[in-house]
Structures are given as C-alpha cells and as structure tokens.
Amino acid sequence: MSLIAKPMVNNTSEQTEQAKSKVFEVSGLNLWYGEDQALKNINMKIVENEITAIIGPSGCGKSTFLKTLNRMVEMVPIVKTSGTIKYKGENIFNAKQSVEDLRTHVGMVFQKPNPFPKSIYENVAYGPKIHGIKKKKDLDLIVEKSLKDAAIWDEVKDRLHENAYGLSGGQQQRLCIARCLAIEPDVILMDEPTSALDPISTLKVEELVQQLREKYSIVIVTHNMQQAARVSDQTAFFLNGELVEFSNTDKLFSNPEDRRTEDYITGRFG
Amino acid sequence: MTIRNQFDGELNEVKTLIHELANGADNALKNAVESLYHRDVEKAQEVVDRDNDLDKKELDIHDKTILLIAKQQPVASDLRRLVIALKISSDIERMADHAVNIAKATIRLGENHGLTVHPKISQMAEKARDMASLAIKAFEYEDISLARQLSGLDDEIDEMYGLVIREMLDETASNPQMNQYIMEMAFSARFIERYADHITNIGENIFYLVKGETYNLND
C-alpha cells in the first residue's frame, strides 16, 4: 500500500463559471464615507441566475457593497466611490445612467419588513402604477403573479384589501419580496432578509429564494453563515472593507483558501 | 481571539475518548497475542469479555460527536475534525474486534495443540501496535508527515503476513492432521494484517482532516 498522496477531487467548476453570463462585473471598486474607506479595491463577478451570499463581521462593508450595486449608498451625502460596476456591460456610475432605471432592474429587500401602510394589494400594485400601468385588469394580474412568485398568494388571496400591517413578520417580508417582483427586476438584492424573522418564516423565505433563482439573480447579505451555506451558489467573505475570498459556496464552507475565512466561518473571531 | 471555548472543550473530550478507545484496542491486541503464544485461554477470554466496553465507548464517541455537530453546526476544518472522529472511532473499534478474533482463535486452539506459534506473528503485532501509536499521534497533532509513515509500516506487515501464510501452507502439506489448528494460526496473522489496514484508514482520514481533500492511499 503506497501512501503517496493523490488528490481524487478534480474541480472543473471554474471552467463552467467562465461560460455563465454575468449581471455585475465589479472592478477596482473603492468607497469612502468621508475620510473612512469602507470598500477597498473590490473585484468580483456576479453570475446570472445564481444566488451570491455576502458574509463577514459587522462593519466589514458587506451592506455598503450591496447598496452600491443599485447606487442606494449614494443617499448618504458624504459617499465617494472610484472604480466601476458594470451592470450587463454598462457602468452604473456613468453620468447618463438613470438611477431610477437601474433600481427598476435591481430591486431590494431590506432587513426589516417595510410594507407601506396600505392594503396588501396596494403594496404590490404601487410600483407598477408608478411605472404607468393603470388598467385594473393588468394590475390584478401583476399582483396575483407577484404574490404567487413570492409564495404568499395562498395565505393572502382572500384578504387582498386588508391592511398589510395585519400580516405576520414573515408574511410581511414575503409581501415586500412580492412588491419587489412586481416591477420585474433582473436582480434582487437582499440585506439580511430573515434576521428579524422566526425560524419557520426564515425557512419559508429561504425556500422562496431558492425558487426565485430560476428567474432572478440574487445577492444576499446575511449574518447567518448556515443560511449562506444552505441557500447560495457563491459566497463572498468581506473583512475590513476587503473581499478576502470569493468562491463556490461548497468550497468556501468546506475548505476555504484563506486562513481568515476559516477563522471567521469556524467562529474564531467576529 | 478564540471565542469557541465550549466547542473546543467538547471536541477535546471526544479526542480523549478516542485516545482511551485506542488504548483499549492496543491492550486487546497485546493480550490476545500474548494469550496465543502462552496458550492462555483465560486471558483470551478476558479480551473477549472486555470488548463490550470498547463497543460502548465507540457509541459514546458517536453520540457526543453527533450532538456536537447538531449543537455547534461546525464547518470547514471543525466539521472535518468531527467527521473523522466518527470514522476513526469506527476503525479503532474494528481493530479491537480483530484482536478479539485472535483471542477467540486462542480459545478454539485450547491449551494442548502442541504447535509453536510462528514468531513472525508476534513481530507483526508489535509493528501494528507501533503503527497505531503513530496514527494516534498523527491524529493528535494533525501531522500528515507522521501519517505518511504508516504506509511503509503497513507494507512491512503485509510482507510478514505473506511469509507466514506461505510457511503455514507448507505446514499443512507436511502436517495435514493439524490443519484445523494451522488455519487458526493463519487466521490470527490475517487478523493482524487487517488490524493494520484499519490504521492505514486512520492515516487517510488524517490527510483529509489536514488537506480537506480525499486521498487514495491504497495503491
């Protein structure tokens, strides 16, 4: 019996990654809040119809990065950026790029469910109405489809005109996802979408995210590493504003390349 | 900053149990082979009787490890540590079973068979015990250079086993009335050879623990 080690694993996933089309291509992205640099030379590609998880300790820049993808971060007046983020080949920082147009294609779901103080129906119909859809028949179809895609239709179909605040936290979050889907985005950004939810609601949202990946590209920031491991295809680990490691989720959670990633995911700091 | 004191503490408890299990298997082999040489049926019976304790210890390791996985949800090298704790404990339990098989052969041979036990069997057992000690050290220090040495020792045991079997076959030709006894001796050599193979499995697991990749060490 010879003990000459021969690796049996031949990872060909890198080759297949090359062939997939990218929704975002981030190159040399730096971001400052005033004098403080929050993102340092980030380079990464986000692939279409995949779930990309972003993990890292508090203050590592992961939420900032997410909010940069739809330029929401610019709502903070002291922010400056350098580098490029190409969304389907176009630099989102170009002067002629419309922010509204970008945000139509790149929707966002937040940590705490934030339905409007309106009916369930109005919450979902709000976006399409702003985009000029007026006919009730068309709006009805959009509302039904969005609620179905957000896996909440069966729970709300008989009370569409009741106030959304009457829903549970988990239902409100799925309603917010439905509201996001109603304007037919390509990408959904999720900022800790289950951190305010109980375990069953969390599971429902996770299952929903899995279903949504067939039609959408999803980027999800999460503090829950098991959630990142369960739901995502790719995982990025941020630390102190740097992208330390970005790889296939199975690889990152079983055998990360960087010692800092290993220490973080095994709970040895953070 | 280490913030997983509870996890590390419980992992160390599992490691301690694995050490105890390994000591138990080592004692079983030592006593089984001694009883074979000294035709000591009583001692052989003790080896058989003590095996229950080792079986229980293996189950205890499994229970603790599975609970630790459920409670702490480890990933990466921490998860590999626990997975190989499960695998290594099963290998060591099987090693103890092989020692028990030698003890049972001793009991079947009885005290009056009149045959001399082949001296190589004792040498095989000593070599296997050295291997086990090396493997446990490699596990403790997560040291693949120690694990790598196991294959050379295993090759030596395989060679001695081949020699014993050839000589036993010759013996059956010249002493056919003793075939039943000679077979028990040959089986005992076989049990030590299998004992050593389980130690090589432990070596493979240590490679997996350290490198995170599956290695084929059986060419």
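This report describes chain B as a whole and then selected elements of chain A in a predicted model.

## Basis of the model

The model is predicted, with local features requiring pLDDT of at least 70 and side-chain atom pairs counted only at pLDDT 80 or more, whereas totals for chains, interfaces and linings use all residues. Residues are numbered from 1 along each chain as its sequence is written, chains are lettered from A and ligands numbered from 1 in the order in which they are written, and side-chain values use heavy atoms, with hydrogens and water left out.

Chain B contains 6 helices and 0 strands, in the order α-α-α-α-α-α from the N terminus. Helices (H or I, at least four residues) and strands (E, at least two) are DSSP runs, numbered from the N terminus. The C-alpha trace of chain B spans about 70 × 35 × 20 Å along its principal axes. Of contacts in chain B (heavy atoms within 4.5 Å) between residues at least 6 apart in sequence, 84% join residues at least 24 apart.

Of the 219 residues in chain B, 51% are buried. Buried denotes under 20% relative accessible area, exposed over 50%, and partly exposed in between (1.4 Å probe, protein chains only). The accessible surface of chain B is about 10,100 Å², and carbon and sulfur atoms contribute 48% of it; such areas come from the Shrake-Rupley method with a 1.4 Å probe, and for residues only the protein chains shown count as cover. Chain B carries 25 positive and 40 negative side chains, with the centres of the two sets 3 Å apart. Lys and Arg count as positive and Asp and Glu as negative, while His and the chain ends are not counted; each charge is placed at NZ of Lys, CZ of Arg, CG of Asp or CD of Glu.

## The four-stranded sheet of chain A

In chain A, 4 strands form an open antiparallel sheet in the order E2-E1-E4-E5. Its edge strands, E2 (36-47) and E5 (90-91) of chain A, each pair on one side only. Two strands are taken to pair if DSSP finds at least two bridges between them. Strand E1 (residues 22-33) of chain A is joined to E2(A) by 8 bridges, and the two run antiparallel; A:Glu25 has A:Lys45 as its bridge partner in E2(A).

Helix H2 (residues 62-69) of chain A lies across E1, E2 and strand E4 (79-87) of chain A, at about 120° to E1(A). For such angles, axes are lines fitted to C-alpha atoms, for helices over the stretch in contact, and angles run from 0 to 180 degrees between N-to-C directions.

## The E9-E10 hairpin of chain A

Strands E9 (residues 234-239) and E10 (residues 242-248) of chain A pair in the antiparallel sense over 6 bridges. A:Phe238 stands opposite A:Leu243 in E10(A). The hairpin has 2 residues between the strands, and A:Asn240 takes a positive phi near 50° there.

Buried residues in helix H4 (residues 120-130) of chain A include A:Ile120, A:Tyr121, A:Val124 and A:Pro128. Their cover includes helix H5 (136-149), helix H6 (153-156) and helix H7 (169-181) of chain A. After H4(A) comes A:Gly132, with a positive phi near 95°.

A:Ala151, in the loop between H5 and H6 of chain A, has a positive phi of about 55° although it is not a glycine. A:Ala151 is partly exposed, at 33% relative accessibility. In chain B, B:Arg39 lies in the loop between helix H1 (5-38) and helix H2 (41-72). B:Arg39 has a positive phi near 50° and is a residue other than glycine; its relative accessible area of 28% makes B:Arg39 partly exposed.
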